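Here's a quick briefing for anyone meeting this structure for the first time. Have a look at the sequence and the model, then read on.

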Amino acid sequence: MYFTDRGIEELEKRRGDEEVTLAWVADRLQEFTDTFPEFEIPVERFATWLARLDDPED
C-alpha cells in the first residue's frame, strides 16, 4: 500500500462521518500549503483537477 493510500484511509476513518463544505476543505488546503510551501504546486494541481472534474471541455 502506498503512503498516500494510508493517508486517505486514515482521513476516511477519522473524519468520514463528518459533513464539511468545500470552503472548509479549501481553507485546510491553504493552511497546509502555508505550513508546507513545497507542496503548493501539487495541491494546486489537485484543486484544479477537482474543479474541472466534471467539465466536459477538459
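Predicted model: local features only at pLDDT ≥ 70, side-chain atom pairs only at ≥ 80, totals over all residues.

Residues are numbered from 1 along each chain as its sequence is written, and side-chain values use heavy atoms, with hydrogens and water left out.

**Overall build**
- The protein chain has 3 helices and 0 strands, counted as DSSP runs (H or I, at least four residues, for helices; E, at least two, for strands) numbered from the N terminus.
- Its C-alpha trace spans about 35 × 25 × 25 Å along the principal axes.

**Arg14**
- Arg14 sits in helix 1 (residues 3-15) and is exposed, at 63% relative accessible area.
- Its side chain makes a polar contact of 2.7 Å with that of Glu10 (N or O atoms within 3.5 Å; within protein, one must be able to donate a hydrogen and the other to accept it, and residues adjacent in sequence count only if both atoms are side-chain atoms).

**Thr33**
- You'll find Thr33 in helix 2 (residues 22-35), and it counts as buried because its relative accessibility is 11%.
- Leaving aside residues up to four places away in sequence, Thr33 touches Phe39, Glu40 and Val43 (heavy atoms within 4.5 Å).

How values were computed
Buried < 20%, exposed > 50% of the residue type's maximum accessible area, 1.4 Å probe, protein only.
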